[in-house]
Structure formats: C-alpha cells, structure tokens
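Thanks, everyone. Have the coordinates open and follow along as I go through the chain.

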Amino acid sequence: MTSERLESAPAQVKGTVLTVRRVDAYYAMTLIAPEVAARFRPGQFVAVAVGGPETSMLLRRAFSIHQVRPDHGGTVEFVFAIAGPGTRWLSERRTRDTLDVAGPLGRAFPVPRDPVNALLVGGGYGSAPLFALGDRLRGRGCTVDYLLGAASADRVFGALTARRSGRSAVITTEDGSLGARGQVTDLLAQVIHEARTDVIYACGPMGMLRAVTVLAGRYGIPVQALVEESMACGTGVCMTCVLPVVGEDGVTRMVRSCVDGPVFRGDLVRWDDVGTIPFDALGAPGWKPRPPATPQPAARPQAGGRQPGSKAGRVRSRRPRAGPAAGRSGRGR
C-alpha cells in the first residue's frame with residue numbers, strides 16, 4: 001500500500017480524553033488521537049465505542065469532527081447532544097479516560113480549485129464540521145460567509161466563531177432569542193444575493209438540507225450537503241444509513257452515508273424519498289433493467305429514388321403528438 005493511501009486510510013485507536021466541556025445545550029469532547037488528526041479532512045467523522053468494555057451498548061456513535069490540531073499532540077474535537085444512554089455516558093467521561101475511536105471516516109467536502117464565494121449553512125450543532133471547512137476554503141483563497149440557525153440561542157453552535165472568521169455571519173433562531181427570528185431558509189435567498197454566492201456547503205437536519213437544495217437550485221447554485229443519518233457501524237457493513245441517491249447514469253441507488261458520504265451533491269439526493277426504498281431504485285422489489293435499444297433496420301430506397309428522410313418523400317402524420325412526458329417517468333433520472 002502506498003504512503004498516500006496509508007495517510008488517507010482510517011485508524012482504530014485508543015484515544016485519551018483531554019477535555020469534556022459544556023457548550024450551551026451541547027458537549028464538546030477533545031481526544032488525543034494523533035493518527036486520526038493526521039488523516040483528517042473537513043467533512044469526515046469518527047465512530048466512538050460507548051459504555052465501556054462490559055457494556056450492552058454494542059453499536060458505535062458517529063460524530064462529525066469539529067476541528068483537529070495535529071501540532072498540539074494530535075487532538076480531535078467533536079460536538080454532541082445527549083440523546084440517549086450512549087451520549088449520556090460520553091458526557092460523563094473525564095480527563096485521562098480512554099475511548100475506542102475509529103476515524104476519520106467517510107468522504108470529505110470537495111473544495112473548488114479556484115477561489116469562489118462559499119456560503120456555509122448550518123443547523124444546530126450540524127454547523128460544527130463547517131468551521132474546519134471554512135479554514136480550508138480560506139486557504140484556497142475563497143471568500144467564506146456563514147448562515148447558522150437553530151430553535152433557540154443555546155442551540156446555535158459556533159456563532160461567535162462564524163462572526164470572527166467569516167466575511168459575514170447571519171444567525172437565525174425560531175424563537176428570536178438570537179439574530180433574526182425564523183429559519184435559515186427564510187433568509188437564504190437574501191444572503192445568496194448579498195454574498196454573491198457561487199457554492200453552498202450545508203450540514204444540519206434533513207429537512208433543512210432539502211429546503212436549501214431546492215432554493216439553491218432556483219439560482220443554479222450547487223450544494224454539497226453533509227447528511228445526518230443514523231449510523232450503527234460507520235464502516236459500510238450494517239446498511240442502516242442508506243438513502244436514495246441518483247447516479248451519473250440516471251439510476252437511483254441506495255447508497256451508504258458512512259462510506260459513500262456523508263457528503264453528497266444536494267441535487268442528486270432524493271430528499272422526499274429518504275427513509276424509503278423508491279420503487280425505481282436499483283434492486284428494489286419488482287425493479288427491472290431497461291431493455292437495450294433495438295437497432296433499427298436500414299431504410300430501403302422508395303420508388304422513384306426518393307428516400308424516406310428526404311423532403312419530397314416525407315409524409316406528415318395527422319395523428320396528435322404525445323406530450324414530452326408521455327410514457328416516461330421523470331423520477332430517478
């Protein structure tokens with residue numbers, strides 16, 4: 001295996017807890033894990049074993065990486081909210097505790113070759129992976145703007161960092177406790193115009209990602225979306241994090257968020273069908289491949305030397321023509 005592949009391959013390590021701190025409604029955990037930090041690219045995540053060696057909680061918990069510091073002993077930080085016994089157990093860890101960590105996992109955010117105006121949109125603590133991305137984009141000469149939102153002020157993550165590091169930072173809360181009242185999608189069009197956005201990177205609830213993709217599509221702006229799907233293994237084995245995505249060949253496939261993502265082109269995700277297996281997805285019950293096109297036989301010359309395609313030999317049909325969608329399904333294309 002080449003050194004380049006070794007550098008990008010994930011590692012399974014024993015990470016030492018450096019700090020666990022409360023950040024409003026969330027927790028931020030920093031681990032000493034130099035092997036993970038050295039391989040990290042923005043958008044990737046870690047899968048953490050919870051409960052200790054004798055626990056009945058067998059499944060790992062997946063968390064987007066907030067930031068890494070390869071030059072400070074190799075630290076990795078991720079952000080989480082208490083949602084059950086596993087994350088509650090994590091919140092109770094203390095300095096010098098050790099955790100079984102696998103990472104960095106998944107596909108990272110693609111970055112443009114040339115400088116562009118990038119808008120980074122985050123919902124809740126889904127904004128955590130956007131700040132490392134912002135640093136990398138600025139390193140490429142890009143201009144970075146932020147649009148962050150949540151239900152309330154204590155659930156907006158990184159507002160101060162966004163204001164310090166971005167050219168602009170717009171904050172929204174549904175209860176109006178911080179920034180503008182409403183959701184990020186309420187101000188998205190305005191921010192796109194003011195920032196002259198070329199590309200959008202987004203992470204947050206699936207409903208938000210869908211709305212951002214739809215609105216951005218009206219302006220012809222590409223969206224790179226980091227999806228929030230539950231992952232049981234993080235390595236592509238268990239198939240619990242699948243969602244329908246349209247391939248370059250126009251065929252919908254059920255792909256694994258953990259290895260094929262978690263970053264996807266927003267316009268290729270079938271947001272309305274997430275959580276289901278569409279009838280036209282590859283391998284779905286009753287699915288059949290399209291038969292290959294039958295080659296048409298060469299036309300024979302007509303009497304008098306006229307060819308069927310020539311102007312003189314054309315016969316105009318008086319039958320009504322079918323509409324452009326007749327006989328075709330637009331889904332899965």
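Start at the hairpin of β13 and β14. Five residues lie between its two strands, and Gly250 in the turn has a positive phi of about 85°. Helices and strands here are DSSP runs, helices H or I with at least four residues, strands E with at least two, numbered from the N terminus. Strand β13 covers residues 242-246, strand β14 covers residues 252-256, and the two pair in the antiparallel sense over five bridges. Two strands pair, by the way, if DSSP finds at least two bridges between them.

A word on the source. This is a predicted model: local features need pLDDT of at least 70, side-chain atom pairs count only at pLDDT 80 or more, and totals for chains, interfaces and linings use all residues. Residues are numbered from 1 along each chain as its sequence is written, and side-chain values use heavy atoms, with hydrogens and water left out.

Which residue in β14 does Pro244 stand opposite? That is Met254. Met254 counts as partly exposed, because its relative accessibility is 22%. The cut-offs: buried is under 20% relative accessible area, exposed is over 50%, and partly exposed is in between, with a 1.4 Å probe and protein chains only. Met254 sits 12 residues from Val242 in sequence, yet the C-alpha to C-alpha distance is 5.6 Å. Leaving out residues up to four places away in sequence, Met254 touches Val242, Leu243, Pro244, Thr276, Ile277, Pro278 and Ala281. Contact means heavy atoms within 4.5 Å.

Now zoom out. The chain has eight helices and 15 strands. Of its 333 residues, 44% are buried. Take contacts between residues at least 6 apart in sequence: 62% of them join residues at least 24 apart.

Next, the barrel. It is closed, has six strands in the run β1-β2-β5-β4-β3-β6, and its pairing is antiparallel. On average, neighbouring strands of this sheet are turned by 45° against each other, direction ignored. Axes, for that and later angles, are lines fitted to C-alpha atoms, for helices over the stretch in contact; angles run from 0 to 180 degrees between N-to-C directions. Strand β3 (residues 45-48) and strand β4 (residues 61-69) are antiparallel, with four bridges. There, Val46 has Phe63 in β4 as its bridge partner. Strand β4 also joins strand β5 (residues 75-80) through four bridges, again antiparallel. Val68 is bridged to Val76 in β5. The β4 and β5 hairpin has five residues between the strands, and Gly73 takes a positive phi near 85°.

On to the open sheet. Seven strands, mixed pairing, order β10-β9-β8-β7-β11-β12-β15. β10 and β15 (263-265) are the edge strands, each pairing on one side only. Inside the sheet, β8 and β9 run parallel, joined by six bridges. Leu147 finds its bridge partner in β9 at Val170.

α6 lies across β7, β8, β9, β10 and β11, at about 170° to β7. α7 touches β7, β11 and β12 (223-226), and its direction makes about 170° with that of β11.

Look closely at α6, residues 184-195. Its buried residues are Val184, Thr185, Leu187, Leu188, Val191, Ile192 and Ala195. In general, an α-helix has 3.6 residues a turn, so residues three or four places apart point the same way. On the face of α6 turned away from the buried side, you find the exposed residues Asp186, His193 and Glu194. Just after α6, Arg196 has a positive phi of about 55°.

Last item: α6 against α7. Their axes come within 10 Å and cross at roughly 30°. The two are therefore roughly parallel to each other, a class that takes angles under 35 degrees. The crossing is right-handed, meaning the near helix is turned clockwise from the far one by less than a right angle. At the contact, Val184, Thr185, Leu188, Ala189 and Ile192 in α6 meet Met208, Ala211, Val212 and Leu215 in α7.

Conventions. Angles under 35 degrees count as roughly parallel, over 145 as roughly antiparallel, 65 to 115 as roughly perpendicular and the rest as oblique.
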